[in-house]
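Here is a short report on one protein chain and its two ligands. Look at the model first, then read on.

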Amino acid sequence: MLSRPTVLFLHKNTLMAIIITDECINCGACEPECPNTAIYEGADQWRYSDGTSLKGVLETAEGSFIADEAQMPVSDEFYYIVPSKCTECKGFHEEPQCAAVCPVDCCVPDENVVETEAELLEKQSFLHQNS
Ligand code: SF4
Ligand code: SF4
């Protein structure tokens, strides 16, 4: 079964295409590889500002957020990916780095939710707009 995230993208009502399934063994190998700091350990809180240039108030499709305000974890059991921070590594690498290092191949595309390259690059620009 897939661990389905529920957070929406910053500008549009789209979800990410890469998710971590409950086959995750919590090894932590993927976390340091993410160029957007979109991966967190289960039960850890996440922030838009972690590993991005985002500051202050963010206006999103989901409402307003404070960039450095702690957000509720997407999963309490497994490492998880914050959908609004995942660009499938577009703008940094040729392929998703989490999937490349995962020893059990549980970073997988969600075939029901596909973002275009243009959408992913727009997200990357948003996350690193002052970089
Ligand atoms: S695909 Fe890339 S940006 Fe998305 S969570 Fe994995 S390492 Fe991070
Ligand atoms: S590399 Fe794979 S198994 Fe290890 S924490 Fe990340 S998703 Fe889980």
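The sections below go from the overall layout to single residues.

## About the model

This is a predicted model: local features need pLDDT of at least 70, side-chain atom pairs count only at pLDDT 80 or more, and totals for chains, interfaces and linings use all residues. Residues are numbered from 1 along each chain as its sequence is written, and chains are lettered from A and ligands numbered from 1 in the order in which they are written.

## Overall layout

The chain holds two helices and six strands. Helices (H or I, at least four residues) and strands (E, at least two) are DSSP runs, numbered from the N terminus. Read from that end, the order is β-β-β-β-β-α-β-α.

How much of the chain is buried? Of its 131 residues, 34% are buried. A residue is buried if 20 or more other C-beta atoms lie within 10 Å of its own, exposed if 12 or fewer, and partly exposed in between; C-beta atoms are placed from the backbone. Contacts also span the sequence. Among those between residues at least 6 apart in sequence, 73% join residues at least 24 apart. Two residues are in contact if their C-beta atoms, placed from the backbone, lie within 7 Å.

## The hairpin

Strand E3 (residues 57-60) and strand E4 (residues 63-66) run antiparallel, joined by four bridges. Two strands pair if DSSP finds at least two bridges between them. E3 and E4 form a hairpin, with two residues between them. Which residues are bridge partners? Val 57 has Ile 66 in E4 as its partner. Leu 58 has Phe 65.

## The nonpolar core

Nonpolar side chains tend to be buried together in soluble globular proteins. Here the largest nonpolar core has 21 residues. Such a core is a set of buried Ala, Val, Leu, Ile, Met, Phe, Trp, Tyr and Cys residues joined through C-beta atoms within 7 Å. The residues with the most contacts inside this core are Ile 20, Cys 30, Ile 39, Tyr 79, Ile 81, Val 82 and Cys 107. Strands E1 (18-20), E2 (39-40) and E5 (80-81) each give two or more residues to the core. E1 gives the largest share, three residues.

Take Cys 107, which is found in strand E6. Why is Cys 107 counted as buried? Cys 107 counts as buried because 24 other C-beta atoms lie within 10 Å. Leaving aside neighbours within four places in sequence, Cys 107 is in contact with Ile 18, Ile 20, Cys 30, Pro 96, Cys 98, Ala 99 and Cys 102. Cys 107 and Ile 20 are 87 residues apart in sequence, but their C-alpha atoms are 4.6 Å apart in space.

## Around the ligands

Ligand 1 is surrounded by 15 residues, and the closest are Cys 34, Cys 86, Cys 89, Pro 96 and Cys 98. A residue is near a molecule if its C-beta atom, placed from the backbone, lies within 6 Å of it. By class, this shell has ten nonpolar, three polar and two charged residues. Ala, Val, Leu, Ile, Met, Phe, Trp, Tyr, Cys and Pro count as nonpolar, Asp, Glu, Lys and Arg as charged, and the others, Gly among them, as polar.

Ligand 2 has 14 residues around it. Cys 24, Cys 27, Cys 30, Tyr 79 and Cys 102 come nearest. The shell of ligand 2 has twelve nonpolar, two polar and no charged residues.

## Helix H2

Which residues of helix H2 (residues 117-127) are buried? They are Leu 120, Lys 123, Gln 124, Phe 126 and Leu 127. These residues lie on the same side of H2, because they cover an arc of only 160 degrees around the axis. The arc is that of the directions from the helix axis to the C-beta atoms. The face turned away from the buried side of H2 carries the exposed residues Glu 117, Ala 118 and Ser 125.

## Loop residues

Most residues other than glycine have a negative phi. Thr 37 has a positive phi, near 45 degrees. Thr 37 sits in the loop between E1 and E2. With 18 C-beta neighbours inside 10 Å, Thr 37 is partly exposed.

Asp 105 also has a positive phi, near 55 degrees. The loop between helix H1 (97-101) and strand E6 (107-109) holds Asp 105. Asp 105 counts as exposed, with 9 C-beta neighbours inside 10 Å.
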